[in-house]
Amino acid sequence: MDRFEIHGGNRLEGKLTIKGSKNATLPLMAAALLTDEPVILRHVPDLADIGNMRRLLDNLSCLLDWQPLEDLNSAGGTLRIHADPAGNSHAHYDIVRTMRASICVLGPMLARRGKARVSLPGGCAIGERPVDLHLHGLKALGAEITRDGGDIIASIPDVAGRPGRLKGARIFLGGPFGSTVLGTANVMSAACLAEGTTIIECAACEPEIVDLAKMLTAMGARITGAGSPRLTIEGVRQLSGCDHTILPDRIEAGTYMCAAAITGGDLTLDNCPVDALMAHMDRMQLMGVTFQFDGKLDPLRTSCRVTVGTRILPTELTTQPHPGYPTDLQAQLMAVLSLADGTSIVTERIFPERFLHVAELSRMGAQIYRTGPTANITGVKKLTGTQVMASDLRASACLVLAGLAAEGMTTVNRVYHLDRGYERMEERLRTLGARIQRVSETVPEPLPG
Ligand code: EPZ
């Protein structure tokens, strides 16, 4: 297993291009199952999760042509997906277990093929990841859902001996933690081919859902309300292919904003979705970070300069569904807050157990006291490099950020977690002046410079 060795203390300076969004790409790839025609996706990031989804779609009888771009500063590669609706409709456990987001093939596959068998995704380090809302929504559209062992088996009942079709419905899709992102993606995608009108109340408002609705509309779907809690979908008989450029990754952008802040650096992020990061940027401005960008350009693909004053100020935040503060940036901001000039309060309302990074940050000297879903962070003068263990994707990013600022060397073990959501992170950080190297168990690379 690979690890990162980071010598902290360097200011990050320079330019970085933000890649296409991982969390948009996954449901967009699944949406290719809704049509018999080819779908082209551009600005596709080269990530482990995307590779797993390619493997899954290949297994579900899709022809894929993947053209990655070597250029570190490209926004991503091009992926062509051509699904065969008469193919295999069983998403096996050995692929689904590697990525719980595989669940997002359920809705599109059921709607187009009339059946789908998907292994139940397991939980993960950030908490139990139920899919009850996904199934609630699909059942409301007329699907029959049964369980066989660890698999979900979904089908559309025949009508008078002929293959049936999903039926539009009025669906409340909220759960105890509010809306569900992939649940909304599943039900919205399936409803595109249903007979009649579907209303989804308490739909996720995330920018990734807006991007999915944009692609589905380009395929011929009739969707209104994307980005609001109420979606209305007029079902159509069939959907066509399309050519879609993916939304930039707001979580990657927010992570690199934290990298600039924690190193006292000066970064310019190109292809930056500032319009999808208002809650994060609001908190960072309170912490003393300055953002400069041209408001006249596309606010989802602009160039944003990130600088910070002489000290980081404390703040408080509570994670919520979009447009609230994103849970996927909580760990990264906590790394910055651990060096703030005062005490901050972070409350996690989406995944209350999403604090595996706290113990590792504490090993580096951070002073964090957690009670239930709330962590109090008392800023310290410095963090000290040491061995730390990555546990999940965003906790890994938090530890890399802390290592960039820590005194001495930090070794972040198990960076395969990081490779799921950040493309060639160590190479891109090196171009900005970081002293970081990837060490594979086999042959360690020479220290840079
Ligand atoms: C998406 O996961 C993201 N993943 C997650 O990002 C992100 O943290 C999450 O949304 C919340 O923003 C992708 O888009 C691939 P949810 P998703 O359904 O859709 C509960 C990352 O780091 N819930 O919105 O699976 C659930 O337990 C990843 O990039 C139910 O109760 O999350 C959670 O508490 C991590 N029943 C809350 O809702 C359900 O059927 C939000 O989950 C579904 C969810």
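Contact here means heavy atoms within 4.5 Å. The structure is a predicted model, in which local features need pLDDT of at least 70, side-chain atom pairs count only at pLDDT 80 or more, and totals for chains, interfaces and linings use all residues. Residues are numbered from 1 along each chain as its sequence is written, and side-chain values use heavy atoms, with hydrogens and water left out.

Pro 321 sits in the loop between strand S18 (316-318) and helix H10 (330-337). Helices (H or I, at least four residues) and strands (E, at least two) are DSSP runs, numbered from the N terminus. Beyond its neighbours within four places in sequence, Pro 321 contacts Phe 177, Ser 179, Glu 206 and Ile 350. Pro 321 counts as partly exposed because its relative accessibility is 28%; buried means under 20% relative accessible area, exposed over 50%, and partly exposed in between (1.4 Å probe, protein chains only). Pro 321 and Pro 27 are 294 residues apart along the chain, and their C-alpha atoms are separated by 18 Å.

Ile 350 also belongs to the ligand site. The distance is 2.6 Å for Ile 350, 2.7 Å for Leu 133 and 2.8 Å for Leu 182. The ligand taken alone exposes 830 Å², and the protein buries 92% of that. These accessible areas come from the Shrake-Rupley method with a 1.4 Å probe; for residues, only the protein chains shown count as cover.

Leu 26 is buried, because its relative accessible area is 3%. Outside its sequence neighbours within four places, Leu 26 is in contact with Asp 49, Ile 50, Met 53, Met 99, Ala 101 and Cys 104. Leu 26 and Ile 246 are 220 residues apart in sequence, yet 11 Å apart in space, C-alpha to C-alpha.

Glu 208 lies in helix H7 (residues 207-218). Its relative accessible area is 5%, so Glu 208 is buried. The side chains of Glu 208 and Arg 250 make a polar contact (2.7 Å). Such a contact is a pair of N or O atoms within 3.5 Å; within protein, one must be able to donate a hydrogen and the other to accept it, and residues adjacent in sequence count only if both atoms are side-chain atoms. Residues up to four places away aside, Glu 208 touches Ser 21, Asn 23, Ala 24, Leu 247 and Arg 250.

The largest nonpolar core has 77 residues, and Val 105, Met 188 and Leu 216 have the most contacts inside it. Such a core is a set of buried Ala, Val, Leu, Ile, Met, Phe, Trp, Tyr and Cys residues joined through side-chain atoms within 4.5 Å. Apart from this core lies another, of 70 residues, including Phe 291, Val 306, Val 308 and Ala 340.
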